[in-house]
Amino acid sequence: MTTSRQACSNGLLTLSCEGITNVNAVHKVRWKIKFPEAGWKEFSYCGKSGMNCVVTRPELPEGIIVLKVSNRSVNLQRVAKNNTNGYAQTMCQVLYSDNSRTSHVFKINFTEKCKLCRPLLVRRI
């Protein structure tokens, strides 16, 4: 399965792994990232024992930081503003105990312009 997503060029992005069909049969969940003209690189995995997740690469290329990972979702934040292409792909790969696997790929465009919200100042008289 492949999904396209727009993301703020300097904001938070949450991706949900929709490849898990039977939680009891999951052996491992892997989170990977890929940039144009590069291969897939794992940045986190979750094992079966309690589905505890390990972040192996907390800082990714193009100014992306891994904030939080679970077997069902990942929170990424992009802090660099000087990315030239703005594209990345993230994959949630689910490996089951019977050696079968499913994958969900997100094609992410980090060039969406996002509005900054400023709190309203209230003046008391």
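Predicted model: local features only at pLDDT ≥ 70, side-chain atom pairs only at ≥ 80, totals over all residues.
Reader: How many salt bridges are counted, and which residue pairs with Arg30?
Author: The count comes to one salt bridge. A nitrogen of Arg30 has to lie within 4 Å of a carboxyl oxygen of its partner, and the closest N and O atoms are 3.3 Å apart. That partner is Glu42.

Reader: How many residues apart in sequence are the parts that Arg30 and Glu42 tie together?
Author: Arg30 belongs to strand 3 (residues 26–34), while Glu42 belongs to strand 4 (residues 41–47). The pair therefore ties together parts whose separation in sequence is 12 residues.

Reader: Are Arg30 and Glu42 buried, exposed or partly exposed?
Author: Buried would require under 20% relative accessible area, and exposed over 50%. Arg30 has a relative accessibility of 23%, and Glu42 has 28%. Arg30 is thus in the middle class, and Glu42 likewise counts as partly exposed.

Reader: Staying in strand 4, which backbone oxygen does the side chain of Ser44 reach?
Author: Ser44 lies in strand 4 and counts as buried, at 0% relative accessibility. Not counting residues up to four places away in sequence, Ser44 touches several residues, including Arg30, Trp31, Cys53 and Val69. At 2.8 Å, its side chain reaches the backbone oxygen of Val54.

Reader: What separates the C-alpha atoms of Cys46 and Val69?
Author: Cys46 is another residue to look at in strand 4, and it is buried, with a relative accessible area of 0%. Along the chain, Cys46 and Val69 are 23 residues apart. Their C-alpha atoms are separated by 8.5 Å.

Reader: Is Gln93 buried or exposed, and which side chain does a polar contact join to that of Gln93?
Author: Gln93 sits in strand 9 (residues 87–96). Its relative accessible area is 8%, so Gln93 is buried. Leaving aside neighbours within four places in sequence, its contacts include Val29, Arg30, Arg101 and Thr102. The polar contact, at 3.4 Å, joins its side chain to that of Lys32.

Methods
Residues numbered from 1 in each chain as written. Heavy atoms only, no water. Salt bridge = Lys/Arg side-chain N within 4 Å of Asp/Glu carboxyl O. Helix = DSSP H or I, 4+ residues; strand = E, 2+ residues; numbered from the N terminus. Buried < 20%, exposed > 50% of the residue type's maximum accessible area, 1.4 Å probe, protein only. Polar contact = N/O pair within 3.5 Å; in protein donor to acceptor, adjacent residues only side chain to side chain. Contact = heavy atoms within 4.5 Å.
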